[in-house]
Every structure is written in structure tokens, then in C-alpha cells.
Amino acid sequence: MNNEYSVKVEGVCKSYGRKKVLTNASFIARQGECVAIAGLNGSGKSTLLSILAGVQRADSGKAEVNGIDIFRDTKAAGKMIGYVPQENPLIQDLTVKDNLKLWYCDSTLDMEKELRDGFLKLLGIDKMLKIPVKKLSGGMKKRVSIGISMWADPKVLILDEPSAALDLVAKKDIREYLKTYLKSGRTVLLATHDEDELDICSKIYVMSQGVLKETSKELRGDRLLEEMI
């Protein structure tokens with residue numbers, strides 16, 4: 001595992017009106033690491049990830065990806081980061097292939113090659129190209145969302161509860177893909193409630209009422225729940 005920092009977050013704060021959502025959130029992730037953020041619903045996990053993905057602005061703090069300031073150089077950072085939100089970002093009435101084309105038209109990657117023998121094939125997207133998104137299962141939509149997030153060949157992949165409401169096969173396939181992604185020396189940040197996903201993580205942070213702290217990566221079940229509360 002590379003000792004270089006891939007992601008460095010320092011003192012990120014966010015409030016909505018008088019409500020503090022994040023309080024001095026800080027963590028680091030190295031190349032090849034998968035870092036999990038666990039916490040109850042409403043604890044601030046999604047807010048932090050969306051800030052790092054450039055969807056929301058932080059009130060204060062610093063964040064870097066491979067030395068690039070996420071908050072100042074948003075265009076460069078956007079090409080370093082792939083983001084898969086909880087919500088489905090796909091256009092429902094278009095086919096899977098047309099959704100891919102919308103993103104890959106500006107990509108340095110060859111979409112057709114990725115469908116033949118690259119990560120899009122690894123995700124199984126090559127088998128669903130002609131299907132309208134509205135006819136896909138939840139697991140299929142999640143695979144396509146991950147495939148779209150890879151359009152810029154990102155060094156960091158941010159996923160917000162990627163396996164929520166998926167069946168066991170879809171969950172396993174996504175975990176296997178993430179393992180392959182990590183082996184290439186890249187970094188994964190994910191918010192999760194799924195203990196199977198925690199097994200592929202190098203670090204686990206717990207978010208509780210907007211406060212982020214590192215905990216043992218061995219914690220599971222009631223002991224992990226106690227940390228969240």
C-alpha cells in the first residue's frame with residue numbers, strides 16, 4: 001500500500017441555518033485504501049461526501065485530492081473524483097448506452113473498449129445497453145451509476161450507501177468491483193450501513209451528530225452501534 005495521501009480533509013464544517021451538520025470533520029485516506037463512514041441516518045455522512053464531491057459547499061475547512069484543493073480548483077478536482085450518490089442520477093427514458101454516451105463524450109477513455117474488456121464489462125453493463133433505465137432493477141441502476149462515475153478515470157471513488165436496498169448478488173458484485181478498483185492503487189470513500197462492505201475497508205470512521213471519529217475496523221454489531229450513538 002502506498003503511503004502517499006490520496007485524500008486529506010481538515011476541519012470541514014457545515015451548517016443549515018442554526019443547525020450544525022458537520023463539526024470539524026477531518027480524516028486522511030491513502031492510495032489503495034477504502035475508508036468507510038458509518039453512522040445513523042441524519043448524522044451528516046451524506047453531507048460530508050457531497051461536499052467532497054463538489055455538490056455542496058463547506059462553510060469552512062480544507063480538502064485535497066492528490067494535492068489538489070477540492071474547494072478552490074473544482075474543475076481539476078472533478079476529474080479526480082467519481083461520485084455515486086444515493087439517488088439515481090440516470091435519465092429514466094434513455095437507454096443505458098445513451099446515458100453512458102452523455103458522460104463519455106468528454107472522456108479520455110474509449111467507452112466501447114471499456115464495454116468490451118474494461119471496467120464497464122466488469123460491472124456487467126455490456127449486457128444491458130439497449131434497455132431503458134426505467135426498466136432496470138435497483139442493482140442494475142447502481143452498476144450503471146458506478147460506470148458513469150468512472151467517465152474521467154478517477155483516482156478517488158465516493159459512494160453514498162452503494163448497496164442500500166440491493167439483493168445479495170448485486171451487493172457481492174459491487175464489492176468485488178471495488179476490490180479490483182482498490183488493487184489499482186486508487187481510493188474509495190463510502191458511507192455504509194452494510195457490515196459486509198466494512199470488511200473491505202482499511203479504516204472505519206463513525207459520524208455522530210456531525211462529529212467524525214476513527215474507530216476500530218474490527219467493530220461490528222452492537223459494539224459499532226454504540227459508537228454511532
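Let's start with the sheet: 6 strands form an open sheet in the order S6-S7-S8-S3-S9-S10, with mixed pairing. Strand S6 (81-84) and strand S10 (211-215) sit at the edges with a single partner strand each, so one side of each has no neighbour in the sheet. From one strand to the next, the twist averages 20°. Before I go on, this is a predicted model, where local features need pLDDT of at least 70, side-chain atom pairs count only at pLDDT 80 or more, and totals for chains, interfaces and linings use all residues. Residues are numbered from 1 along each chain as its sequence is written, and side-chain values use heavy atoms, leaving out hydrogens and water.

A word on terms: helices (H or I, at least four residues) and strands (E, at least two) are DSSP runs, numbered from the N terminus. Two strands pair if DSSP finds at least two bridges between them.

Inside the sheet, strand S7 (residues 156-160) and S8 run parallel, joined by 5 bridges. Val156 has Thr187 in S8 as its bridge partner.

Now the helices on the sheet. H6 packs on it, touching S6 and S7, and the direction of H6 makes about 160° with that of S6. Helix H9 (residues 221-228) lies across strand S3 (34-39), strand S9 (203-208) and S10, at about 50° to S9. For these angles, axes are lines fitted to C-alpha atoms, for helices over the stretch in contact, and angles run from 0 to 180 degrees between N-to-C directions. Contact means heavy atoms within 4.5 Å.

H6 (138-149) comes up again, as the buried residues of H3 pack against it, along with helix H4 (111-117) and helix H5 (119-122). Which residues of H3 (residues 96-104) are buried? They are Val96, Asn99, Leu100 and Tyr104. They share one side of H3, because they cover an arc of only 125° around the axis, taken from the directions from the helix axis to the C-beta atoms. Buried means under 20% relative accessible area (1.4 Å probe, protein chains only).

Terms used:
Buried means under 20% relative accessible area, exposed over 50%, partly exposed in between (1.4 Å probe, protein chains only).
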